[in-house]
Structures are given as structure tokens and as C-alpha cells.
Amino acid sequence: MSFPPCPNCSSEYVYEDQLHLVCPECAYEWDPSEIEEALAFKDANGTVLAEGDKVTLAKDLKVKGSSQTLKIGTKAVIKRIVDGKDHQLDCKIDGAGEMWVTARFVKKA
């Protein structure tokens, strides 16, 4: 069986102990159903987002390292959702390519 990596240290050596998963490297124990709920990110209106959803930008966003600004209403498709510090959504944005976007700055289309 393949288990998800440890959410604490990202170790791949995880094993099951009754209802919990355990990491032997950092001794972290967690319930896998709690982790799945924690990765549920919501858009500007409070709607839960999923991979493959079509979204639009809820406000104008400046692109880091560029003079480009993404305008409100620009369409995008969520390719992947990751629990990152600043950005959670890996999106393909129309006219701009692939970028990371914060979930609270989009609306589900």
C-alpha cells in the first residue's frame, strides 16, 4: 500500500497504526482524513476549490518579477492544489501561461 508523505517532514517512510498514520523519522502521528480536509481551499466567495475547476480572477494581480498585471475577470484553470505558504493554486491563466495564485484572489466560474 502507498501512503501519503508525512505532513510534518515530508518523509516517504510512513506506516499505518490502527486508524492513524505514523512517520518513523519525526514520530509524527496523524489521521489521514483530517489532512484531506485541511487541504480544502476556498475562493473569494467561500466555495471549495478542486483540481480542474475553472476560475476567474477576483481582483487585479501584479505578477512578481514582471511589469505585467493580470486583470479582474481573467479566466484560469486549476491544474493542482498545494498547501504552500503564499500560493495554493497552480493555474494555467489565459494569456499569461502557468502561474501560482492565492486561492482567496479567485472566484469559481
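Select S11 and E25 to begin: their side chains are joined by a polar contact of 3.4 Å. The model on the screen is a predicted one.

S11 belongs to the segment before strand 1. Is S11 buried or exposed? It counts as buried because its relative accessibility is 5%, and buried means under 20%. A polar atom of the S11 side chain also lies 3.2 Å from the backbone nitrogen of Y13. Leaving aside residues up to four places away in sequence, S11 touches P5, C6, C23 and E25. Next, display the C-alpha atoms of S11 and C23: the two residues are twelve apart along the chain, and these atoms are separated by 7.1 Å.

Three strands form an open, antiparallel sheet in the order 1-2-3. Its edge strands are strand 1 (15-17) and strand 3 (29-30), each of which pairs on one side only. Select residues 20-22, which make up strand 2; this strand pairs with strand 3 over two bridges, in the antiparallel sense. Which residue of strand 3 is the bridge partner of V22? The partner is E29.

Finally, select D43, in the loop between helix 1 (32-38) and strand 4 (54-57). D43 is buried yet has no salt bridge. The nearest side chain of opposite charge is that of K108, 7.3 Å away. Polar atoms of the D43 side chain lie 3.0 Å from the backbone nitrogen of N45 and 2.9 Å from that of G46. Beyond residues up to four places away in sequence, D43 touches L49, A103, R104, V106, K107 and K108.

Note on methods. Residues are numbered from 1 along each chain as its sequence is written. This is a predicted model: local features need pLDDT of at least 70, side-chain atom pairs count only at pLDDT 80 or more; totals for chains, interfaces and linings use all residues. Side-chain values use heavy atoms; hydrogens and water are left out. Two strands pair if DSSP finds at least two bridges between them. Helices (H or I, at least four residues) and strands (E, at least two) are DSSP runs, numbered from the N terminus. Buried means under 20% relative accessible area, exposed over 50%, partly exposed in between (1.4 Å probe, protein chains only). Lys and Arg count as positive and Asp and Glu as negative; His and the chain ends are not counted. A salt bridge is a side-chain nitrogen of Lys or Arg within 4 Å of a carboxyl oxygen of Asp or Glu. A polar contact is a pair of N or O atoms within 3.5 Å; within protein, one must be able to donate a hydrogen and the other to accept it, and residues adjacent in sequence count only if both atoms are side-chain atoms. Contact means heavy atoms within 4.5 Å.
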